Amino acid sequence: MTSSARQLGLLTGWQTIASTCFYALFAGTALLSDAIGLSRFQVGLVVTAGTLGYTVALFPVGAVVDGAGEKPVLVGGLLALALGVVAVGLAGSYYPLLAAACVLGAAYATAMPATNRAIVTTIPAAIRGRAMGIKQVGVTGGSGVAAVLVVSFAPSVGAWNLGFLLVGSLAVAVALLFALGYSGTPGGEWQLPDVRALGRNTAYVSLAGAGFFLGAALFTTVGYATLYLTDAVEVSVAVAGAGFAAMQVSGSGGRVVAGWVADSRTEPEARANALVLLGQATLGVLLLAALAIPGLPKPVAMAALVGVGATVLGFTGLYYACMTALVPTDEVGAATAGGQTALNGGALLAPPAFGFLADAISFRASWALLAGVATVGVALLAVTIRRTGDPTAG
């Protein structure tokens, strides 16, 4: 096994368990709602609390990654994630749950800047789209593992919160193994992120703008999928957990296939990634709109969510591959922090709005809103494509 393949395997494994911790919060919304007594609007605020912690920590983490290298951030981040997910499982009421969600999100901020820097420094450019997609499979894979452990398996053999505690224990074990097996790359200069320089890169700015709207669709879909399936489609919690896992599996496939298609194109790296990303996101908008159709049969609703997984959940591999191709290597941590902040920014606003509409009108209205939001992201991707063809854009 080559050094690059070994590094990629370790990073994908790290990403998988890190995402299992973070997305346990999202997968477990139906359980948390029943155990603590949350309205759909309060569920949205819990998702927002996790996203807020994630967002606030991103730029500081990006600066640490660029200065110290990724390995210490990855090891420490996984231990912090273990603490956060256990705190979620032990929260007995609404406000402690909000605090635990915020801690969990802040810990997850270590993921993208550190793993993206590792991909850029260890993987050849010719296959970086696929490598980024494979690494990002850890996100959807971890989400699927969270659904199985937290929603389907643990409640059937013990207390409702057993899955959160199991995931935390697993994260500690993996952190120790990762510290022994991963070599890492050295850091560079310690400095605050150069936000002005990123702001002058117009292709980067439009891509981050697209990420704001597509991120709103991604995080809201993940946060409400199980609740939608149990409340609107009227399946059991176990079946909803399986549907959530299937959606995440399709997201994994979408990331890898999209990266492979982009790597196969002859355009420059950033432009090829953006073109394929546009097609993927456009299909995602159509599938979100389909969920707003009244009276969908259960198999159709489940199939539509699986399709949303491949497109809306599966776009981040190319999003980061395109973003890291638009900036110098020594700015990858900061650029990733900016791009993830944009993704999270949409997720701060959309979940409560989605939940409010679901409470006040119906889930159909909520999905229609989300399709409209994602459409704006598609329009900004078209702007990105135009600007990647402009020699002065970057």
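Reader: Is threonine 336 buried or exposed?
Author: In this predicted model, the relative accessibility of threonine 336 is 0%. The cut-off for a buried residue is under 20%. Threonine 336 therefore counts as buried.

Reader: Which residues does threonine 336 touch, not counting residues up to four places away in sequence?
Author: Threonine 336 lies in helix H15. With residues up to four places away in sequence left out, threonine 336 touches Met112, Pro113, Asn116, Tyr320 and Thr324.

Reader: Which elements give two or more residues to the lining of the largest cavity?
Author: The structure holds three cavities of 30 Å³ or more, and the largest has about 80 Å³ of space. Its lining has 13 residues, with Tyr23, Met112, Phe219, Thr316 and Gln340 closest to the centre. Two or more lining residues come from each of helix H7 (128-157), H10, helix H14 (316-325) and helix H15 (332-360).

Reader: How many residues in the lining of the largest cavity are charged?
Author: Nine residues of this lining are nonpolar. A further three are polar. The number of charged residues is one.

Reader: Which element gives the largest share of the lining of the second largest cavity?
Author: About 50 Å³ of space lies in the second largest cavity. Its lining consists of Leu214, Ala217, Ala281, Gly284, Val285, Thr311, Val312, Phe315 and Ala374. By class, seven of these are nonpolar, two polar and none charged. H10 and helix H12 (269-291) each give two or more residues, and the largest share, three residues, comes from H12.

Reader: Is glycine 215 buried or exposed?
Author: Glycine 215 is found in helix H10, residues 202-231. Leaving out residues up to four places away in sequence, glycine 215 touches Phe315, Leu343 and Ala347. Because its relative accessibility is 0%, glycine 215 counts as buried.

Reader: How many Å separate the C-alpha atoms of glycine 215 and threonine 341?
Author: Along the chain, glycine 215 and threonine 341 are 126 residues apart.

Reader: Which residues is serine 206 in contact with, leaving aside neighbours within four places in sequence?
Author: Serine 206 is in helix H10, and its relative accessible area of 4% makes it buried. Arginine 387 is 181 residues away from serine 206 in sequence, but 8.5 Å away in space, C-alpha to C-alpha. Outside its sequence neighbours within four places, serine 206 is in contact with Leu380, Val383, Thr384 and Arg387.

Reader: What is the phi of glutamate 234?
Author: Glutamate 234 is placed in the loop between H10 and helix H11 (237-264). With a relative accessible area of 58%, glutamate 234 is exposed. Most residues other than glycine have a negative phi. Glutamate 234 has a positive value, near 65°.

Reader: At what angle do helix H3 and helix H5 pack?
Author: Helix H3 covers residues 40-68 and helix H5 covers residues 94-108. H3 passes H5 in a right-handed crossing. Their axes are 6 Å apart, at an angle of about 35°.

Reader: How many charged residues are in the contact of H3 with H5?
Author: From H3, the contact includes Gln42, Ala49, Gly50 and Gly53. Facing them, the H5 residues include Leu97, Ala101, Cys102 and Gly105. By class, the contact of H3 with H5 has twelve nonpolar and four polar residues, and the charged ones number no residues.

Reader: Which residues lie nearest the centre of the second largest pocket?
Author: This pocket holds about 210 Å³ of space. Helix H13 (298-311) and helix H16 (363-388) are the elements that give two or more residues to its lining. The lining has nine nonpolar, two polar and two charged residues. Of its 13 residues, those nearest the centre are Tyr228, Ala232, Gly295, Leu296 and Arg364.

Methods
Residues are numbered from 1 along each chain as its sequence is written. This is a predicted model: local features need pLDDT of at least 70, side-chain atom pairs count only at pLDDT 80 or more; totals for chains, interfaces and linings use all residues. Side-chain values use heavy atoms; hydrogens and water are left out. Axes are lines fitted to C-alpha atoms, for helices over the stretch in contact, and angles run from 0 to 180 degrees between N-to-C directions. Helices (H or I, at least four residues) and strands (E, at least two) are DSSP runs, numbered from the N terminus. A crossing is left-handed if the near helix is turned anticlockwise from the far one by less than a right angle, and right-handed if clockwise. Contact means heavy atoms within 4.5 Å. Ala, Val, Leu, Ile, Met, Phe, Trp, Tyr, Cys and Pro count as nonpolar, Asp, Glu, Lys and Arg as charged, and the others, Gly among them, as polar. On a 1 Å grid over the protein atoms alone, a cavity is a set of points where a 1.4 Å probe fits but cannot get out, and a pocket is an open set with protein on both sides within 12 Å along at least five of seven lines; lining residues have an atom within 4 Å of a point. Grid points are joined across faces, edges and corners, and a volume is the space filled by probe spheres set on the points. Buried means under 20% relative accessible area, exposed over 50%, partly exposed in between (1.4 Å probe, protein chains only).
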